[in-house]
Amino acid sequence: MKLLVMCEGPNEKKILDLLLQNNKLIFCEDDLLGLTIYHARQITKSAQVRTELNQYPGEIKVLRVGDKQSDELKVPKDYIHKITTVEKYCTKPEVEILLIIAEGLMKDYEKVKSKVKAKEFAKAHICYNKKKYDNSTQFYEDYFGNRLELLVKCIREYSKTKRKTHEKGEYCLADLLK
């Protein structure tokens, strides 16, 4: 069985790519369909995912990663027999929460979270190497790339504080860590 890991956005993909490259996940590149993690919400909208599904004859377990988990995965008829399981890994409210935790700003964010999205809070308060957070994958690469233990620590901390806000059947990124 292969894993099809589908990330809602490029930043979630960058975080998982960093963890994968540094052997921090419970799976390795060889476990992945097409040997990669995909930035895709739906199978039908990704030609690359469909190509890999067409080439692999065995069963597939789908791992969906993102902050919006309300949309259901639409499995095309051609692949229903291959896809055995779909698991959701949630980064509520947004993946920027990891940066907020890393900067020790969680208490400050909690005070304004009903009015300010995590992304906007991060843009206003987070700076690294004289560069303000700009929602780019490069920022995540620069911020966590050489500090993987900080990323792992933030993911675990998030899991401790936010798991209770997840719906039944949703997992945290911490569940993917070794």
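Let me start with the largest pocket, where helix H1 and helix H5 (118–125) each supply at least two residues of the lining; helices here are DSSP runs of H or I with at least four residues, strands are runs of E with at least two, and both are numbered from the N terminus. H1 gives the largest share of that lining, three residues. Please keep in mind that this is a predicted model, in which local features need pLDDT of at least 70 and side-chain atom pairs count only at pLDDT 80 or more, while totals for chains, interfaces and linings use all residues. Residues are numbered from 1 along each chain as its sequence is written, and side-chain values use heavy atoms, with hydrogens and water left out.

What kinds of residue make up the lining of the largest pocket? They divide into five nonpolar, three polar and eight charged, where Asp, Glu, Lys and Arg count as charged, Ala, Val, Leu, Ile, Met, Phe, Trp, Tyr, Cys and Pro as nonpolar, and the others, Gly among them, as polar.

Turning to the sheet, we have an open arrangement of five strands in the order E2-E1-E3-E4-E7, with parallel pairing, and two strands pair if DSSP finds at least two bridges between them. Strand E2 (38–39) and strand E7 (170–171) stand at the edges with a single partner strand each, so one side of each is left without a neighbour in the sheet.

Within the sheet, strand E3 (residues 60–66) runs parallel to strand E4 (residues 83–90), and seven bridges join them. On that pairing, valine 65 stands opposite tyrosine 89 in E4.
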